[in-house]
Amino acid sequence: MPTSPSSSAQAAREVVARRLRDLRKTAGLTVTELAVRCNWHHAKTSRIENARTAPTATDIRKWCTACDAAAEAESLIGQSLHAESMYTEWRTQVRAGLKALQGSEPRLFQDTELFRVYSSTLVPGLLQTEGYAAGVLGISARFRDVPVDDSAEAARARVERSRVIHEPGHRFVFVIEEDALRHRICGTDEMAAQLGHLLTAGALPQVSLGIIPMSAPHRAQWPRETFHVYDDRLVSVELVSARVRITQPSEITLYLRAFEQLRSDAVYGAEARALITRAIDALH
């Protein structure tokens, strides 16, 4: 597993930066000479080469032209765009409100056959009730200072999006930490309804619900950051500051390996239901 998912995005930026630096050196240009040819300050050249500033498509074309390597420009532009798309700050995503965020990727849910979700802190979004989702999104709205708190509408949109769980052609494998059952994200009645919904949803034939007990001995993996795997093509990782999208096959393989190890730590069926029932009893 990467030390931090955000490091994957940074590593992708650094690949582009190193290649640009190599082109400059191959062309026999100093930092200042390249800056003169590109008509910008030499400090910008240094920031790009050290991956502190992401180059624009125009920057890359100018750079490659200055190094007599114009043929490399489009490939490097593609790599740079991929690196920047991996890491999207939440403040950018919530500008249109939390409700809009719930439906920002409609095709992703419809096109995915196998959903694999690991959550260490919350009931996964696809299994959330409206009351619980309103609690989660309300906390998010307050923390992120969204311009308009539309968490109630967003909660309804999240539940509507979750109807995919009842549509044919999809399978769902959820692994959650027992801690996630205990965090009081919303009121007592709403928490009880949420936990009751887990009992129902976990019994659906298309759903596998595993819960890792707090007392699980000899774990294969310690609790990780929440992540979603869409088939074998995309991993979405949720951080405090951003959501990271990972598409590199080697990194996806690492997350799949971690998921399988976490899944092996979980209990299922009657044992999982017993953990949920105990969490319900603890509410009173």
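The legends below describe close-up views of a predicted model.

**Figure 1. The protein chain as a whole has 13 helices and 7 strands.** Of its 284 residues, 47% are buried. Contacts between residues at least 6 apart in sequence were also sorted by separation: 75% of them join residues at least 24 apart.

**Figure 2. Helix H2 packs against helix H3.** H2 covers residues 31–38 and H3 covers residues 42–49. Their axes are 8 Å apart and meet at an angle of about 110 degrees. Angles from 65 to 115 degrees count as roughly perpendicular, so H2 is roughly perpendicular to H3. The crossing of H2 past H3 is right-handed. On the H2 side, the contact is made by Val 31, Thr 32, Leu 34 and Ala 35. On the H3 side, His 42, Thr 45, Ser 46 and Glu 49 take part.

**Figure 3. Trp 40 and Trp 63 form an aromatic pair.** The structure holds 9 aromatic pairs. A pair of aromatic rings is described by the distance of the centres and the angle of the planes. For Trp 40 and Trp 63, the ring centres are 6.3 Å apart and the planes stand at 45 degrees, so the pair is tilted. Trp 40 sits in the loop between H2 and H3, while Trp 63 belongs to helix H4, residues 57–66. The two residues are 23 apart, and their pairing links distant parts of the chain. Both Trp 40 and Trp 63 are buried.

**Figure 4. Tyr 118 and Phe 227 pair between two strands.** The ring centres of Tyr 118 and Phe 227 lie 5.6 Å apart. Their planes are at 40 degrees, so this pair is tilted. Tyr 118 is in strand E2, residues 114–119, and Phe 227 is in strand E5, residues 227–230. The pair therefore ties together parts of the chain that are 109 residues apart in sequence. Tyr 118 is buried, as is Phe 227.

**Figure 5. Several aromatic rings are linked into a cluster.** The members are Phe 109, Phe 115, Phe 172, Phe 174 and Tyr 230. Ring pairs provide the links between these residues.

Technical notes
Residues are numbered from 1 along each chain as its sequence is written. This is a predicted model: local features need pLDDT of at least 70, side-chain atom pairs count only at pLDDT 80 or more; totals for chains, interfaces and linings use all residues. Side-chain values use heavy atoms; hydrogens and water are left out. Axes are lines fitted to C-alpha atoms, for helices over the stretch in contact, and angles run from 0 to 180 degrees between N-to-C directions. Helices (H or I, at least four residues) and strands (E, at least two) are DSSP runs, numbered from the N terminus. Angles under 35 degrees count as roughly parallel, over 145 as roughly antiparallel, 65 to 115 as roughly perpendicular and the rest as oblique. A crossing is left-handed if the near helix is turned anticlockwise from the far one by less than a right angle, and right-handed if clockwise. Contact means heavy atoms within 4.5 Å. Rings of Phe, Tyr and Trp (its six-membered ring) pair if their centres lie within 6.5 Å; planes under 30 degrees apart count as stacked, over 60 as edge-to-face and the rest as tilted. Buried means under 20% relative accessible area, exposed over 50%, partly exposed in between (1.4 Å probe, protein chains only).
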